[in-house]
Amino acid sequence: MAKLRFLIALVAAKLTKFAIKLLGRNASHNPGVIALKICPDFLKLAPKAPLVICVTGTNGKTTVSNLLTDAFTADGKKVVSNRTGSNIVPGCTTNLINSLNVFGKVKVDVTVYEVDERASRLILPFLKPDYLVVTNFFRDSLKRNAHPDYIFSVVDTYCPDTTKLILNADELCSARLKENNERVFYGIAEMSTDIKESINIVADYSLCPKCGTQLKYDYLRYHHIGHARCPGCDFESKNADYLVTKVDSENKTFTLTHNGKDMVFPLINDIIFNIYNQLTVITTLLQVGYTDEQVQELVEKIHVPDSRLNHTEVNGVKVTQAMSKGQSCISSCRTFDFVSSQPGKKAVVIAVDDYYDRKKSIEFSGWIYDVDFEFMTREGVEQIICTGPRCYDHKVRALLAGVPEEKIACSPDEMAGIDLINVDLVDNVFILYDTSTYNLSCRMKDKLLAILEASK
Ligand SMILES: [Zn+2]
């Protein structure tokens, strides 16, 4: 009976997908909704691909999932992933549906699931992934995710004991997941840019999780990423099995050391969180059985998706769109740090808020106060243009950080905000956007490019 219900749900979901596609829409969510309505046990009952990889974490999981999917595709594997859909239960169910033919037989070699860390309790026990890749646990929307320790407890409780974990040795919270499971760690050795004391507002995990003593960091990269040890007990950060020992930005390579052997890989992008993303992908590919040489070839073929960071230059002004997730202060902090430390005179346009994600409710706006607007006081940041429904919140925060008021402009209308940029004053314009404002930021960029073209 259960099997019959599963097959009916599968066929109904496939028909739903077909109908949605006929309408020219993205069928990445609703087929899963239909399947789960008919067969609530769908995730449990459906057969799984020979290799199931789930990727979760606060930041980087979309990039890592996409790069992994691209690498498997480049190797000629049949792979499906929920890259265009949601990462909660219906999206993951749709991905599972896409891995099956209409008779319920698996038709792919690999399934890659990007899994929302909070929803993982409803997904991981049923998918029983071979590998769970965790990028990091950071402070995120307080309203949805509470504290990283809460997210830790969800994943730690619901990840199956049979799953092998691929973990970030440099991140103290997620590195402690599932201590009795098979696990490997990746990390980046001390870099010349590392520091000893945090300069970020958000620095979770300053105390030892075992005895509560103040931790000492051998080196600290940002927030609580780094290598810590406890003066009061034997607690210390994990040692990485796959360790980046050298980053050569000039020649665009980095060296990964594993079991005493050095491997040199092309560097996709030398922004630190992109190195982490790339390292996570390489570690996973090596773990699933590819040789060093095969991974080197595959890495040559994969690219960081354009929607995360891209540049255009017109009339001597470089325009860069950069992802800066609202509600997740860490993502915005990383982008603020990167943008404000770029050379030259800069205008920063902020089109980041929670309105699009929370049309029927209100997001807790405290995340704006967790973002290091202090970075915007750095030399060379000539203008901050706050746009959108939260523009005045951003302005207050920038003022509190010490940004002079004459450098701040506000426009509740994002497109009109572009007119406030003083293009004669700057040689770099950064448009910071959220997951929900990417298309809007493209229109903003187009408008700015047209202004720059006309000023030639
Ligand atoms: Zn301790």
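Helices (H or I, at least four residues) and strands (E, at least two) are DSSP runs, numbered from the N terminus. The views below show a predicted model, in which local features need pLDDT of at least 70, side-chain atom pairs count only at pLDDT 80 or more, and totals for chains, interfaces and linings use all residues. Residues are numbered from 1 along each chain as its sequence is written, and side-chain values use heavy atoms, leaving out hydrogens and water.

**View 1. Helix H1 and the glycine that follows.** Just after H1, glycine 24 has a positive phi of about 75°. H1 itself covers residues 2-22, and its end C-alpha atoms lie 30 Å apart.

**View 2. The buried residues of H1.** Buried means under 20% relative accessible area, with a 1.4 Å probe and protein chains only. Among the buried residues of H1 are Phe6, Leu10 and Ile20. Their cover includes helices H2 (30-38), H3 (42-45) and H5 (89-98), by contact (heavy atoms within 4.5 Å).

**View 3. Serine 81 in strand S2.** Look for serine 81 in S2, residues 79-81. Serine 81 counts as buried because its relative accessibility is 15%. Leaving aside residues up to four places away in sequence, serine 81 touches Thr69, Asn95 and Val112.

**View 4. H2 meets H5.** The axes of these two helices come within 7 Å and cross at roughly 90°, where axes are lines fitted to C-alpha atoms over the stretch in contact, and angles run from 0 to 180 degrees between N-to-C directions.

Technical notes: Buried < 20%, exposed > 50% of the residue type's maximum accessible area, 1.4 Å probe, protein only. Expected span 1.5 Å × (residues − 1).
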